[in-house]
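Welcome! Take a moment to look over the sequence and the fold, and then let us walk through a few places together.

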Amino acid sequence: MPTVAELAAKQLTPGSRAAAASGATVITARNLDLTFQTNDGPIHALKNVDLDIGKGEFVSFIGPSGCGKTTFLRCIAGLETPTAGDISVNGMTPDEARRARAYGYVFQAAGLYPWRTIGGNIRLPLEIMGFDKAEQAKRIERVLDLVDLNGFDRKFPWQLSGGMQQRASIARALAFDADILLMDEPFGALDEIVRDHLNEQLLKLWARTEKTIGFVTHSIPEAVYLSTKIVVMSPRPGRISDVIDSPLPRERPLEIRDSPEFIEIAHRVRDGLRAGHSDDV
Ligand SMILES: Nc1ncnc2c1ncn2[C@@H]1O[C@H](COP(=O)(O)OP(=O)(O)OP(=O)(O)O)[C@@H](O)[C@H]1O
């Protein structure tokens, strides 16, 4: 296995090198606050959230249940409106970014229509957007190739394993070719071996497409393995307790998880999660 240093020496693709050099920020949140008004009283879901996400970064959000990970992702996506603070996505408001289809969104459950084939599921939003048939076919073929599901376009979701269904839902989110991919715990329901495999594939997809990815997870190894930046969050009220810029190279074989560098980052994430919890008592 190559060492972390060897991997680091050859890490950046020309595109990611350019993006890193340009230092472009695609998502900015400043002093973001969100309080939900419920019948049981207000719930302070996000407090003073400040974050910059650079072009081509892979950013994971990790923290205990209820710390606001999904709420923050939904704010980026323009699906929730913050009570206070500012957020911009590609220089637009989240609402404008949503209407400009600036991102693809992958949910926890694959959410494929069972009466449509895999190709038909990917085609649906393209039909709604008015792409012509030839363009639809071209895009379906390209995104199925990106998630390694070539030849599965005529299968129905129930003919695929859980991991393959989740890959199909990623393909659907990629069909618009948006620069940003938001993923809310996409592999949470899958067993560890399948998850490892999908993590590896997701890193390859990220390297090939150079997208900016926001990824919610409960898993420390998953967050450390995938991310260039790990955002540790804590609950009541939901806030960011640590932001870790990963020193790991972008090219990461699974064995990197045994390296001292990986273990050190995992410890820091765990410490951040513990510190957040101790605030509760
Ligand atoms: N639409 C809503 N109305 C009222 N409260 C909400 C709403 N959405 C989320 N909340 C509350 O806001 C807080 C943050 O929820 P959120 O789903 O963002 O947390 P999370 O970190 O993603 O949790 P999990 O890991 O369990 O998915 C929780 O207390 C939740 O109950």
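## A buried aspartate and its partner

Aspartate 242 is buried, with a relative accessible area of 18%; buried means under 20% relative accessible area, exposed over 50%, and partly exposed in between, using a 1.4 Å probe and protein chains only. This is a predicted model, in which local features need pLDDT of at least 70 and side-chain atom pairs count only at pLDDT 80 or more, while totals for chains, interfaces and linings use all residues. Residues are numbered from 1 along each chain as its sequence is written, and side-chain values use heavy atoms, leaving out hydrogens and water.

Which residue forms a salt bridge with aspartate 242? The partner is arginine 268, with the closest N and O atoms 3.0 Å apart. A salt bridge here is a side-chain nitrogen of Lys or Arg within 4 Å of a carboxyl oxygen of Asp or Glu. This pair links distant parts of the chain, since aspartate 242 is in strand S9 and arginine 268 in helix H10, 26 residues apart. Helices (H or I, at least four residues) and strands (E, at least two) are DSSP runs, numbered from the N terminus. Arginine 268 is partly exposed, at 40% relative accessible area.

The whole structure holds 15 salt bridges. One of them joins the side chains of arginine 257 and aspartate 196 at 3.0 Å, N to O. Here too distant parts of the chain are linked: arginine 257 is in the loop between S9 and helix H10 (260-278), and aspartate 196 is in helix H8, 61 residues apart. Aspartate 196 is buried at 19%, whereas arginine 257 is partly exposed at 26%.

Another salt bridge connects aspartate 95 with arginine 98 (2.3 Å, N to O). Both residues sit in helix H4 (residues 94-99), three residues apart, about one turn of the helix.

## Around the ligand

Ligand oxygen atoms lie 2.9 Å from a backbone N or O atom of glycine 66, 3.1 Å from a backbone N or O atom of cysteine 67, and 2.5 Å from a side-chain N or O atom of threonine 71.

## A covered strand

In strand S3 (residues 58-62), five of five residues are buried. Phe58, Ser60 and Ile62 are on one side, with Val59 and Phe61 on the other. S3 pairs with S7 in the parallel sense over five bridges, and four bridges join S3 to S8, also running parallel; pairing requires at least two DSSP bridges between two strands. Phenylalanine 61 has valine 216 in S7 as its bridge partner, while isoleucine 62 stands opposite valine 232 in S8.

Most residues other than glycine have a negative phi, and most peptide bonds are trans. Arginine 236, in the loop between S8 and S9, has a positive phi near 50° and is exposed at 63% relative accessibility. The peptide bond from arginine 236 to proline 237 is cis, with omega near -10°.

Note on methods. A polar contact is a pair of N or O atoms within 3.5 Å; within protein, one must be able to donate a hydrogen and the other to accept it, and residues adjacent in sequence count only if both atoms are side-chain atoms.
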